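Me: I have a structure to go through with you. Can we take it in short questions?

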Amino acid sequence: MTPAELSRRIKAEALDLGFDLVGIARAEAVDEADLLAEWLSRGRHGTMRWMESWREKRVDPRLLVDGCRSVVSVGLLYFRPERDAPQPRGTKVARYAWGEDYHRVLKDKLHALLARGRALDPAFDGRAFTDSGPVMERWWAERAGLGWRGKNTLLLNQRLGSFLFLGELLVRAELDPDAAGVDHCGTCTRCIEACPTGAIVAPRELDARRCISYWTIEHRGELSPEEEESVGAWLFGCDICQDVCPWNRDAPETAEERFRPRAAAWPSSLDDLLTMSDEEFDARFGESAIERTRRGGLARNAATVAGNTGGGSMEALETATADADPIVAAAARHALARRERAAIPSRTAS
Ligand code: SF4
Ligand code: SF4
């Protein structure tokens with residue numbers, strides 16, 4: 001089969017498996033190794049030390065898959081409107097965590113695509129990645145023509161917006177590369193202006209240490225008083241720099257059933273999140289991206305949100321000050337102090 005024919009068939013299979021976008025790039029060294037090194041040297045990845053690992057592999061897929069000649073980049077839409085949000089009223093959760101864990105969904109589809117491709121041509125052999133290895137996913141998605149990297153650092157597509165999960169197949173087959181995506185941000189700076197913490201320090205440059213998403217998901221310790229207040233109502237992640245993007249205004253809803261919001265997994269109140277056991281957390285969130293924070297991280301965030309919004313009861317916060325996890329206990333103490341200072345009345349229902 002010629003590279004052109006195999007490329008056409010692989011793209012058809014990807015769409016048949018439910019991916020919304022698919023493109024192909026030639027496997028070569030990423031031309032932003034210096035930018036990555038500088039970003040890391042400035043410490044903008046915070047405590048995400050894993051980003052320092054596998055530097056050489058991160059900028060060259062041929063070191064991840066011996067004989068790799070092509071990168072197949074895919075995108076899967078996860079957008080759902082705000083009315084579908086599954087978490088307790090008065091709190092916020094980033095859309096990507098509303099449904100089943102995207103790693104599971106994309107890995108299933110990517111492995112199916114690899115198997116179908118291998119059946120077409122044995123050279124279509126390699127490895128699948130989705131936010132799970134040293135692969136610069138957005139660079140490859142742009143290079144494969146899926147869209148462009150916006151000033152908010154995310155991959156944007158003119159038709160679908162930015163609420164997209166990305167994945168890649170690094171394969172040994174020779175395929176026909178697509179033209180790289182073209183920047184359509186223009187003079188817009190809405191995401192930079194809307195970010196409440198100034199985390200987008202320059203177009204396409206994020207300082208994770210200032211980002212609500214990093215604080216509520218990746219950061220394991222206590223938050224500073226300023227960080228706690230900036231978290232606002234966000235229990236997990238933050239969508240502000242996507243919500244304000246004009247390219248998301250007409251984003252279609254995802255057709256992926258496994259991203260259906262898991263309303264039954266969430267308790268109805270912040271009190272329940274504050275006092276949840278490890279076992280209950282695992283039962284509720286074991287199959288969702290929320291699992292990443294572990295019980296302690298979500299309880300810490302729940303305490304922080306309760307302190308900021310007045311959601312949940314003072315009694316639940318007081319109980320949480322005796323939590324076995326000292327980080328949860330500290331967040332609960334801080335929350336009580338903030339509520340007392342602000343004289344925020346207690347709302348037990350949310
Ligand atoms: S996720 Fe939120 S805090 Fe982070 S850069 Fe975007 S708007 Fe700013
Ligand atoms: S808000 Fe504007 S600048 Fe930011 S990513 Fe969207 S189009 Fe680009």
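Reply: Go ahead. Two notes before that. This is a predicted model, where local features need pLDDT of at least 70, side-chain atom pairs count only at pLDDT 80 or more, and totals for chains, interfaces and linings use all residues. Residues are numbered from 1 along each chain as its sequence is written, chains are lettered from A and ligands numbered from 1 in the order in which they are written, and side-chain values use heavy atoms, with hydrogens and water left out.

Me: Which residues are around ligand 2?

Reply: G150, K151, N152, L156, C185, C188, R190, C191, C245, P246 and W247. The cut-off is a residue heavy atom within 4 Å of the molecule.

Me: How does that shell around ligand 2 split by class?

Reply: Seven nonpolar, two polar and two charged residues. Here Ala, Val, Leu, Ile, Met, Phe, Trp, Tyr, Cys and Pro count as nonpolar, Asp, Glu, Lys and Arg as charged, and the others, Gly among them, as polar.

Me: And what is around ligand 1?

Reply: C195, P196, T197, A199, I200, L206, C211, I212, C238, I240 and C241 surround ligand 1. Its shell has ten nonpolar residues, one polar and no charged ones.

Me: New topic. How many residues has α4?

Reply: Helix α4 has 19, residues 102–120. From first C-alpha to last, α4 reaches 27 Å, close to the 27 Å expected at 1.5 Å a residue. That expected span is 1.5 Å times one less than the number of residues. Helices (H or I, at least four residues) and strands (E, at least two) are DSSP runs, numbered from the N terminus.

Me: Which residues of α4 are buried?

Reply: Y102, V105, L106, K109, L110, L113, L114 and G117. They cover an arc of only 160° around the axis, so they sit on the same side of α4. The arc is taken from the directions from the helix axis to the C-beta atoms. Buried means under 20% relative accessible area, exposed over 50%, partly exposed in between (1.4 Å probe, protein chains only).

Me: What do the buried residues of α4 pack against?

Reply: α1 (3–16), β2 (70–77), β4 (126–129) and β7 (164–171). Contact means heavy atoms within 4.5 Å.

Me: Now T153. Where does T153 lie?

Reply: In the loop between β5 (148–149) and β6 (155–156).

Me: Is T153 buried or exposed?

Reply: T153 is buried, at 14% relative accessible area.

Me: And R294, buried or exposed?

Reply: R294 counts as exposed, at 51% relative accessibility. R294 is in helix α12 (residues 294–309).
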